[in-house]
Amino acid sequence: IILTEQTMFYVMEWKIRTGYVGDAFKKFLETGAPFPGVTMHGRYHAPGSVNGWIILETDDISAVYRHAAEWAEFLEMKTTPVLNDEQAAEAAATLNS
């Protein structure tokens with residue numbers, strides 16, 4: 001397997017595991033949840049719930065893995081690679097050529 005370094009955007013969706021809200025909040029407040037190796041475009045928390053999202057950009061998918069692993073005790077995470085409109089249009093244009 002050959003992995004190439006290409007800058008990609010990702011959306012990470014999280015949900016705090018049942019029974020870990022207090023521990024997750026404590027770790028977040030104590031550390032600020034740094035995310036080295038990525039450009040974080042935003043971290044969003046849904047009021048009144050245990051859900052949230054991070055929009056990030058990186059060419060180092062292992063940084064995404066490390067962050068998810070660091071928080072795995074407290075959070076269920078789903079990571080989705082995403083395209084912006086320009087990238088999606090470029091890809092769509094090749095379908096009819």
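**Exercise 1. In which helix is the place of His67? Work out its surroundings too.**

Before we start: this is a predicted model, where local features need pLDDT of at least 70, side-chain atom pairs count only at pLDDT 80 or more, and totals for chains, interfaces and linings use all residues. Residues are numbered from 1 along each chain as its sequence is written, and side-chain values use heavy atoms, with hydrogens and water left out.

Step 1. His67 sits in helix H2; helices (H or I, at least four residues) and strands (E, at least two) are DSSP runs, numbered from the N terminus.

Step 2. With a relative accessible area of 4%, His67 is buried. Buried means under 20% relative accessible area, exposed over 50%, and partly exposed in between (1.4 Å probe, protein chains only).

Step 3. Setting aside neighbours within four places in sequence, His67 is in contact with Ala33, Pro34, Phe35, Ile54 and Met77. Contact here means heavy atoms within 4.5 Å.

**Exercise 2. Which residues of H2 are buried, and what do they pack against?**

Step 1. Ala63, Val64, His67 and Trp71 are the buried ones in H2.

Step 2. They cover an arc of only 100 degrees around the axis, so they lie on the same side of H2. That arc is taken from the directions from the helix axis to the C-beta atoms.

Step 3. The buried residues of H2 pack against E1, helix H1 (21-31), E3 and strand E4 (75-82).

**Exercise 3. Where is Gly37 found, and what does it touch?**

Step 1. Gly37 is in the loop between H1 and strand E2 (39-45).

Step 2. At 49% relative accessibility, Gly37 counts as partly exposed.

Step 3. Leaving out neighbours within four places in sequence, Gly37 contacts Thr58, Asp60 and Ala63. The C-alpha atoms of Gly37 and Ala63 are separated by 5.6 Å, though the two are 26 residues apart along the chain.
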